[in-house]
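Let's take a walk through a protein structure together, one stop at a time. Keep the picture open beside you as you read.

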Number of protein chains: 4
Amino acid sequence: MFLVSDNTGPVHPSVLEALTRANEAYVAGYGADDASARAVQAIRDLFEAPEAAVHLVATGTAANSLILASMAQPWSTIFCAPMAHIQEDECNAPEFFSGGAKLTLVEAENAKITPAALRAAIAAEQTRGVHGPKRGPVSITNATEKGTVYSPAEVAALAEVTKEYGLPLHMDGARFSNAVAALGCTPAEITWKAGVSALSFGGTKNGLMGVEAAVFFDPALAAEFEYRRKRGGHLFSKHRYLSAQMEAYIEGDLWHDLATRANEACAHLLRGLRQIPQVEIAFEPEANIIFASFPREMHQRLRKAGAQYSVWSGDVETGDPAEMLTARMVTDWSQDLAQIDHMLAVMRGA
Amino acid sequence: MFLVSDNTGPVHPSVLEALTRANEAYVAGYGADDASARAVQAIRDLFEAPEAAVHLVATGTAANSLILASMAQPWSTIFCAPMAHIQEDECNAPEFFSGGAKLTLVEAENAKITPAALRAAIAAEQTRGVHGPKRGPVSITNATEKGTVYSPAEVAALAEVTKEYGLPLHMDGARFSNAVAALGCTPAEITWKAGVSALSFGGTKNGLMGVEAAVFFDPALAAEFEYRRKRGGHLFSKHRYLSAQMEAYIEGDLWHDLATRANEACAHLLRGLRQIPQVEIAFEPEANIIFASFPREMHQRLRKAGAQYSVWSGDVETGDPAEMLTARMVTDWSQDLAQIDHMLAVMRGA
Amino acid sequence: MFLVSDNTGPVHPSVLEALTRANEAYVAGYGADDASARAVQAIRDLFEAPEAAVHLVATGTAANSLILASMAQPWSTIFCAPMAHIQEDECNAPEFFSGGAKLTLVEAENAKITPAALRAAIAAEQTRGVHGPKRGPVSITNATEKGTVYSPAEVAALAEVTKEYGLPLHMDGARFSNAVAALGCTPAEITWKAGVSALSFGGTKNGLMGVEAAVFFDPALAAEFEYRRKRGGHLFSKHRYLSAQMEAYIEGDLWHDLATRANEACAHLLRGLRQIPQVEIAFEPEANIIFASFPREMHQRLRKAGAQYSVWSGDVETGDPAEMLTARMVTDWSQDLAQIDHMLAVMRGA
Amino acid sequence: MFLVSDNTGPVHPSVLEALTRANEAYVAGYGADDASARAVQAIRDLFEAPEAAVHLVATGTAANSLILASMAQPWSTIFCAPMAHIQEDECNAPEFFSGGAKLTLVEAENAKITPAALRAAIAAEQTRGVHGPKRGPVSITNATEKGTVYSPAEVAALAEVTKEYGLPLHMDGARFSNAVAALGCTPAEITWKAGVSALSFGGTKNGLMGVEAAVFFDPALAAEFEYRRKRGGHLFSKHRYLSAQMEAYIEGDLWHDLATRANEACAHLLRGLRQIPQVEIAFEPEANIIFASFPREMHQRLRKAGAQYSVWSGDVETGDPAEMLTARMVTDWSQDLAQIDHMLAVMRGA
C-alpha cells in the first residue's frame with residue numbers, strides 16, 4: 001500500500017543487471033563510450049528519429065530545465081499549465097537555467113492546456129514592445145501531473161498554435177511511457193509527428209535508478225546543449241552507468257512493459273475506488289495517478305492500516321470525520337495488486 | 001594500460017552490491033529515507049564533525065559549484081589556483097551557480113597556493129569600493145589537479161590568511177581520499193581542524209558510480225543549500241541509491257583502501273618512470289597523478305602498444321621524434337600493476 | 001491632447017535650473033559629493049525616517065528590480081498583482097536582477113491586492129518542501145497601474161499578512177506622489193508607518209528627467225545594495241546630476257505640487273468623460289490615470305483631431321464603429337486643461 | 001588642481017543648452033522620438049557606418065556589459081587585459097549581464113594586448129571539449145585605462161587574430177574621443193575599418209552628463225539588444241534627454257574638441273612633470289591620463305596645496321618621505337592650465 005509516488009519503488013532487476021554488466025574494464029568517460037553511443041541510437045530508433053539530438057541526464061528537473069533553456073531567451077516567457085511540474089515542483093530551476101525567463105500560466109482543463117487558452121495566452125504576450133517578455137517555448141506534460149493524457153490529436157492541435165507563432169513545443173515526459181502505454185500509439189506519433197520539438201523522456205519514475213533523456217527532434221535547438229549540461233554540473237564522468245540503464249530500458253520494450261504494469265495497477269485501483277460510494281474522483285485517470293476525495297474518517301482508517309499516499313490538503317488526524325480530503329495515489333511497475341485490494345477493503349470498512 | 005583518468009575504471013563490486021541491497025521495497029524519495037540519514041551520519045562520524053551539514057550530489061562540478069555559491073555573492077570573487085578544476089574544467093559552472101561571481105587566479109607553486117600569494121591576491125581586491133568585486137571564498141584542491149598534496153600545516157597556513165580577512169575556505173576534494181591516504185592523517189585533521197569551512201568529498205573518482213558529498217563544517221553556510229540543490233536539478237528522487245553508495249564507501253574504510261591502492265599504483269609507476277633516463281617528472285607526485293615528459297618517439301611506442309593516457313600538448317603522431325611531450329597519467333584503485341610494468345617495459349624499449 | 005503617458009511631458013523648469021546650478025566646478029563622482037548627501041538627507045526628512053537607506057538610480061525598472069533582488073532569493077517567489085509593472089512591463093528585469101526568482105500573481109480587485117487573496121497566495125506556496133519556491137517579498141504599486149490608490153489602512157492590512165509570514169513589503173511608487181497627493185496623507189503614513197519595508201520613490205513620471213530613489217525603511221535589507229547597483233551598471237559617475245534633480249524635487253514640495261496638478265488634470269478629464277453617455281469608466285480613477293471605453297467611432301474622431309493616448313486593444317482604424325475600445329489616458333503636471341476641454345468637445349461631437 | 005578623474009568635471013554648457021532645448025512639448029518615450037532617431041543617424045554618419053545598430057545608455061558599465069553579453073554565451077570566456085575596466089572596475093557586471101561568462105586575462109604591454117599574447121590566450125581555451133569555456137569576444141580599451149592608445153594598425157593586428165578564430169572584437173571606448181584626437185584618424189579607421197565589431201562610444205567622461213552609445217558595426221550582433229537593455233533597467237522612458245546630449249556631442253565635433261582640450265592639458269602636465277627630476281612616468285601617456293611616481297614628500301606638499309588625484313598605492317600621510325608613490329592624474333576638457341602650472345610649481349618646491 002505504497003502510493004506516495006512512482007519514485008518510491010525499486011529499480012527493475014534487469015536495470016541493476018545492466019549496471020553490473022557495464023561495470024567491466026576501462027571505458028572512456030563523459031559519454032565518449034560505446035554504450036553511450038548505443039543508448040543514443042536506441043532512442044533514435046525507438047522514436048524513428050534518426051537525426052534527433054539525444055543527451056542523458058540524471059534528473060527530470062535537469063532534463064526539463066536544460067531543454068527549456070535551450071529554447072528560451074532570458075527575456076522570454078515559457079507557456080505552461082498552472083499545475084506543470086516546471087511551475088510547481090522545480091524550485092525555479094527553469095528560471096535558473098534559462099537565465100531568468102518567466103513562466104506564463106495557461107488555463108488548463110482536466111490538467112491539459114487547450115488550443116484556445118494557449119492562443120489567448122500567447123497572443124496576450126509580446127504586445128508591448130520590449131516592455132513585456134518575448135514569447136518563448138510552450139511546455140506540456142504528458143501524462144499530466146494529474147494523471148490525464150494528451151492524445152496525438154490534442155498535441156497536434158496545440159502544435160498548430162505554436163507553429164503559428166513560430167514557437168517550439170516541449171513535452172515533459174516524466175511519465176511519457178505511461179502516456180504511450182495508455183494511448184496505444186507509437187512514441188513518434190505522440191511527439192514529433194504531432195509537432196513536439198523536444199521531449200524529456202523519463203526513466204526514473206518508471207523503473208530506472210536515475211536517467212532521463214533530452215530528445216531534440218529539432219537538433220538545431222540542441223546546438224549548445226553540451227555546454228549547458230556541463231556548466232550545470234549534469235555531465236557524468238562515469239556516463240556509462242546512465243547509458244546502461246537507458247539501454248536496458250529500451251531493450252525488449254522494458255519501458256513499455258513497466259508503464260503498462262503501472263497503468264494496470266492504477267486501473268485496478270480506480271475500479272475499486274469507483275465502487276466505494278463516498279469516493280469522488282477528480283480529473284479523469286488515464287495513466288498511473290488518481291486524485292480521489294473521500295471522508296477524513298476513511299483516511300484515518302487507511303493510515304492506521306499503514307497505507308502511504310499524499311493527502312493534498314487538510315490534516316488527516318484532526319477535524320470533522322466526514323470532511324472530504326483529497327488523496328493523490330500513484331502506482332508504479334512494482335505494485336502488488338493484493339495490497340491494493342487490501343487497501344480497498346480497508347476503505348470499504350471490511 | 002589505462003591511465004586516462006580515475007573516472008574510467010569500474011565501480012568497486014561492493015558498491016554494486018550495496019545498490020542491489022538498497023533495491024528492496026518502497027522507500028521515501030528525495031533523501032527522506034533511513035539510508036540517507038545513515039550516510040549523512042557516517043560522514044559526520046568519519047570527520048568527527050557531529051554538527052556538519054552534509055548533502056549528497058552526483059557530480060563533482062555540482063558539489064563544488066553549489067558549495068561555492070553558498071559562500072559567494074554574485075559580486076564576489078573566488079580565489080583559486082590557475083589550474084583549479086573550478087577554473088579550467090567546469091565550463092563556468094561556479095559562475096553559473098553563484099549568479100556571476102568572478103574567479104581570481106592566485107599564483108601556485110607545485111600546483112599549490114602559497115600563503116604569501118594568497119594574501120597578496122586578497123589584499124589586491126576590494127580596494128576600489130564597489131567598483132571591483134567583493135572578496136569571496138578561497139578554494140583549494142586536495143590532492144591538487146597536478147597530483148601534489150597540501151599537508152594539514154599548509155592548509156592551516158592558508159586558513160590563517162582567510163580568517164584574517166573573514167573569508168570561508170573551500171576544499172575541492174575530488175581526490176580527497178588520495179590526499180588523506182598519502183598524508184596518513186585523519187579526515188578531520190586536513191579539513192576543519194586545519195580551518196576548512198566546507199569540503200567537496202569525492203567518491204566518483206575513487207570507485208563509486210557517481211556520488212560526492214558537500215560537507216559544511218560551518219553548517220550556517222549551508223542554510224539554503226537544499227534550495228540551491230533542488231533548483232540546480234541536483235536533488236535525486238531515488239536518493240537512496242546515492243546514499244547506498246556513500247554508505248558502502250565509508251563502511252570498512254573502503255574510501256581509504258581504494259585510494260591507497262590508487263596511490264600505490266601511482267608510486268609503482270613513478271618508480272619505474274624515474275628509472276628511464278629520458279623521462280622528466282613535472283610537479284612532485286604525491287597521490288595518484290603523474291605529469292611526465294618524454295620524447296615523442298616514446299609516446300608513439302606506447303600508443304602503438306595500446307597505452308591510454310592524456311597528452312597535454314602536441315601531436316603524438318607527427319613531429320620531431322625527440323621532442324618532449326607531456327603525459328598525464330592517472331591511476332585508480334583497479335590498476336593492474338603488471339600492465340604498468342608492461343608499459344614501462346615498452347617505454348624502456350624492451 | 002497628449003495623454004499617452006506621464007513620461008512624455010517635459011521636465012519641470014526648476015529641475016533644469018538645478019542641473020545648471022549643479023554644473024559648477026569639480027565634484028567627486030559616484031555619489032561621494034555634498035549634493036548627493038543632501039539629497040539622501042532630504043528624502044529621510046521627507047519620510048521622517050532618519051535611518052532609511054537611500055540610493056538613487058535613473059529608471060523605475062532599476063529601482064524596482066534592485067530593491068526586489070535585495071529582498072528575494074533566486075529560489076523565492078515574489079507576490080504581485082497580475083497588472084503589476086514588474087510583471088507586465090519590465091521584460092523580466094525582476095527575474096534577472098534576483099537571479100531567477102519567480103513572480104506569483106495575486107488576484108486583484110480594482111487593481112489592488114486584497115489581504116484575503118494575498119494570504120491565500122502566500123499560504124499556497126512553500127508547501128512542498130524545496131520543490132516549490134520559497135516565499136519571498138510582496139510588491140504592490142501605489143498608485144496602481146490602473147490609477148487606483150491604496151489607502152494607508154489598505155496597505156496596513158496587507159502588511160499584517162506579510163508580517164505574519166515574515167515577508168518584506170515593497171511599494172512600487174513610480175506614481176507615489178500622485179498617490180500621496182490623492183490621499184492627503186504624509187509619505188510616512190503610506191509607507192513605513194503602514195508596514196512598507198522599501199519604496200521605489202518615483203520622480204521620472206512626475207517632472208524629473210530620470211531619477212528614482214530606492215528607499216529602504218529597513219536598512220538591513222540594503223546591506224549590499226551598492227554592489228548590486230554597481231554591477232547592474234546603475235551607479236552614475238556624475239551622480240551629482242541625479243542628486244540635483246532629487247533635491248529640486250523635494251525642495252518646496254515640488255513633488256507634491258506636480259502630482260497635485262497631474263491629479264487635478266485627471267479629475268477634470270474624468271468629470272468631462274462622465275458627462276458623455278457612451279463613455280464607460282473601468283476602475284475607479286483616483287490619481288492620474290483613466291481607463292475609459294467608448295465607441296471606435298469616437299476614437300477615430302479623436303485621432304483625427306490629433307489626440308494621443310494608448311488604445312488597450314483593438315484597431316482604431318477598421319472595425320465596427322460602435323464597438324467599444326478601451327483608452328488609457330494619463331495626465332502629468334504639464335497638462336493644458338484647455339486641450340482636455342477641446343478633446344472632450346471632440347468626443348461629444350462638438 | 002582636480003585630476004581625480006574625467007568624470008569629476010562639469011558638463012559642457014552646450015550640452016545643458018541642448019537639454020533645455022529638448023525640454024519642449026510632448027514627445028514619445030523610450031526612444032521613439034525624432035531626436036533619438038537623429039542621434040542614431042548622427043552616430044552612423046560620424047562612423048561612416050550606415051548600417052550600424054546604435055543604442056544609447058547612461059553608463060559605461062551598461063554599454064560594455066550589454067555589448068559583451070550580446071557577443072558572449074554564458075559558457076564563453078571574454079578575453080581582455082588584466083587592467084581592463086570590465087575586469088577591474090565593473091563589479092562583475094560583464095559576468096552578470098552575460099549570465100556567467102568568464103574573463104580570461106591576456107598579458108598586456110604598455111596596457112595594450114599584443115597579437116601574440118592574444119593568440120596564445122585564445123589558443124589555450126576551448127581545448128578541453130565542453131570542460132572549459134568556449135572562446136568568446138575579445139575586448140580592448142581605447143584609450144586604455146593607463147592612458148596609452150592603440151593605433152589603427154595595432155587594432156587591425158588584433159582583429160586579424162580574432163577573425164582567425166571567428167570571434168567578435170569589442171572596443172571599450174569610454175575615452176574613445178581622446179584616442180581619436182590623439183591618433184588624428186577618423187572614427188571609422190580605428191573601429192570597423194580596423195576590424196572592430198562593436199564599440200562603447202563614451203560621452204560621460206568627455207563633457208556629457210551621462211550618455212554612452214552602444215555601436216554595433218555588425219548589426220546582427222545587436223539582434224536582441226533592446227530586450228537586453230530593457231530587462232537591465234537601462235531603457236530610459238524620457239529618452240530624448242539622452243539623445244539631446246548625444247546630438248550636441250556630435251554636432252560641430254564637440255566630442256573631438258573636448259577630447260583635444262583634455263589631451264592638450266595632459267600633454268601640458270606631462271611636459272611639466274618630465275622636467276621634475278624625481279618624477280618617473282609609467283606607461284607612455286598618449287591621451288588624457290598620466291601615471292607618475294614621485295616621493296611621498298612631494299605628494300604631501302601637493303595634498304597640502306589642495307591638489308586632488310588618485311594615489312595608486314601607499315598612504316600619503318605616513319611613511320618614508322622619500323618613498324615613491326604612484327599618482328594617477330586624469331585631465332578633462334575643463335582643465336585650467338594655470339592650475340596645472342601651479343601644481344607643477346608646488347611639486348618643484350617653488
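How many salt bridges does the structure hold over all chains? The count over all chains is 56 salt bridges. Please keep in mind, as we go along, that you are looking at a predicted model.

Let's pick out one of these bridges in chain A. The side chains of Glu48(A) and Lys193(A) meet in a salt bridge, with 3.6 Å from N to O. Glu48(A) is in the loop between helix H2 (34-46) and strand S1 (53-57) of chain A, while Lys193(A) is in the loop between helix H9 (187-190) and strand S8 (198-202) of chain A, so the pair ties together parts that are 145 residues apart in sequence.

Next, turn to the place where chain B meets chain A. Here 47 residues from chain B and 48 residues from chain A take part in the contact. About 4,100 Å² of area is buried between chain B and chain A, and carbon and sulfur atoms give 60% of that area. Which three residues supply more of the area that chain B buries against chain A than any other three? They are Tyr26(B), Phe96(B) and Lys238(B), which supply 22% of it.

What holds charges and polar atoms together across this contact? Between chain B and chain A the count of salt bridges is zero, but there are 28 residue pairs in polar contact, both residues having pLDDT 80 or more. Several helices of chain B give two or more residues to the side that touches chain A: helix H1 (13-22), helix H3 (60-71), helix H5 (93-98), helix H10 (225-231) and helix H11 (240-250). The residues on this side of chain B divide into 22 nonpolar, 17 polar and eight charged.

Chain B also touches chain D, so let's go there now. This contact takes 20 residues from chain B and 20 residues from chain D. The area buried between chain B and chain D is about 1,600 Å², with 38% given by carbon and sulfur atoms. Cys91(B), Asn92(B) and Lys102(B) supply 35% of the area that chain B buries against chain D, more than any other three residues.

How many salt bridges are counted between chain B and chain D? The count is four. You can find a salt bridge between the side chains of Lys102(D) and Glu95(B), at 2.7 Å from N to O. There are also 18 residue pairs in polar contact between chain B and chain D, both residues having pLDDT 80 or more. On the side of chain B that touches chain D, helix H4 (85-88) and strand S3 (102-105) are the elements that give two or more residues. The largest share, three residues, comes from H4(B). This side of chain B divides into eight nonpolar, six polar and six charged residues.

A search of the whole structure finds 13 cavities of 30 Å³ or more, and the largest cavity has about 300 Å³ of space. Its lining is made of 26 residues, and those nearest the centre of the largest cavity are Gly60(A), Thr61(A), His85(A), Lys205(A) and Tyr30(B). Helix H3 (residues 60-71) of chain A gives the largest share of this lining, three residues. What kinds of residue line the largest cavity? The lining divides into seven nonpolar, eleven polar and eight charged residues.

Conventions:
Residues are numbered from 1 along each chain as its sequence is written. Chains are lettered from A and ligands numbered from 1 in the order in which they are written. This is a predicted model: local features need pLDDT of at least 70, side-chain atom pairs count only at pLDDT 80 or more; totals for chains, interfaces and linings use all residues. Side-chain values use heavy atoms; hydrogens and water are left out. On a 1 Å grid over the protein atoms alone, a cavity is a set of points where a 1.4 Å probe fits but cannot get out, and a pocket is an open set with protein on both sides within 12 Å along at least five of seven lines; lining residues have an atom within 4 Å of a point. Grid points are joined across faces, edges and corners, and a volume is the space filled by probe spheres set on the points. Helices (H or I, at least four residues) and strands (E, at least two) are DSSP runs, numbered from the N terminus. Ala, Val, Leu, Ile, Met, Phe, Trp, Tyr, Cys and Pro count as nonpolar, Asp, Glu, Lys and Arg as charged, and the others, Gly among them, as polar. Contact means heavy atoms within 4.5 Å. Buried area is the accessible area (1.4 Å probe) that two parts lose on being put together, summed over both. A polar contact is a pair of N or O atoms within 3.5 Å; within protein, one must be able to donate a hydrogen and the other to accept it, and residues adjacent in sequence count only if both atoms are side-chain atoms.
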